[in-house]
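Me: I have a structure to go through and I'm new to this. Can we take it step by step?

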Amino acid sequence: MGAQWKTAVKQANAAAKGKIFTKLAKDIIIAAKAGADPAMNARLRAAVEAAKKQSMPRDTLERAIKKGAGLLDENVTYETVTYEGFAPHRVPVIVECLTDNKNRTATNIRQLFRKGQLANSGAVSWDFAHVGLVDATPPAGADVEEAAIEAGAQDFEPDGDGFRFYTEPADLDAVAKALSGRGWTVATMRLGWRAKNPMKVDDAARAELEQFLAEIDQDDDVQHIYVGLEG
């Protein structure tokens, strides 16, 4: 059974990696619509860096850029569709999807929200701020507060190995460029949502919420999930 178990784990890991690559490729395709040269396209540059960090194969990455820039015969059209609702324990959630089939996506999202509650547009987003999000890792010895001030960010918080900077939507590109100019490595940059009044829940509720969100994130059309949860 040992060999079979190892094979199953390997296949599961490969499937997870494939889903990550699918999401990253969509980010690249959307970003490349504004130009195929990462040096001249800040959003594409960040998307490419994120893909490289996940070890996306070079040919997959380059093909995604060409698709987005219209350099291939394939006609790829993704639409952004946003859903609002509540996770278990009435925690507000915004789910952003990139899809080439809105009917398929709507059906899947309704099914995924069966343990929560799908809501109408505006039912949740009123309690979120629409902001710019820049995820970046610092150079050695960097002062994050000084970097945020100098770059023009509104706020920041730790995020994995680096920090997430919050900006006014119109300042997203300028803040990302300013951080890069100060030696920071920008992993991602995008417009997104930040909860104004994040909720607190106990450990048992958090475990249930994390399972709910993980199931939503498994859907290939789901690109980003924003949750009104503290911590």
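Predicted model: local features only at pLDDT ≥ 70, side-chain atom pairs only at ≥ 80, totals over all residues.

Me: Where does A151 sit, and what does A151 touch?
Reply: A151 belongs to helix α5, residues 144–151. Leaving out residues up to four places away in sequence, A151 touches V175, A178 and L179.

Me: Which strands pair with β6?
Reply: Strand β4, residues 128–137, runs antiparallel to β6, with five bridges joining them. Strand β5, residues 155–159, also pairs with β6 in the antiparallel sense, over five bridges.

Me: What stands opposite R164?
Reply: D135 stands opposite R164. R164 is also the bridge partner of E157.

Me: And what's between β5 and β6?
Reply: Two residues, in a hairpin. G160 in the turn has a positive phi of about 65 degrees.

Me: New topic. How many salt bridges are there?
Reply: The count comes to 13. One of them joins D217 and K23, with the closest N and O atoms 4.0 Å apart.

Me: Why does that pair tie together separate parts of the chain?
Reply: D217 lies in helix α7 (residues 203–217) and K23 in helix α1 (residues 2–32), so the pair ties together parts that are 194 residues apart in sequence.

Me: Are those two buried or exposed?
Reply: D217 is partly exposed, at 33% relative accessibility. K23 is buried, at 13%.

Me: What about D221 and K26?
Reply: Their side chains meet in a salt bridge, 3.4 Å from N to O. D221 is in the loop between α7 and β8, K26 is in helix α1, and the two are 195 residues apart. D221 is buried, with a relative accessible area of 5%. K26 is buried too, also with 5%.

Me: And what does E146 pair with?
Reply: E146 meets R182 in a salt bridge of 3.0 Å, N to O. E146 is in helix α5, and R182 is in the loop between α6 and β7, 36 residues apart. E146 is partly exposed at 41%, and R182 is partly exposed at 35%.

Definitions and conventions: Residues numbered from 1 in each chain as written. Heavy atoms only, no water. Pairing = 2+ DSSP bridges. Helix = DSSP H or I, 4+ residues; strand = E, 2+ residues; numbered from the N terminus. Contact = heavy atoms within 4.5 Å. Buried < 20%, exposed > 50% of the residue type's maximum accessible area, 1.4 Å probe, protein only.
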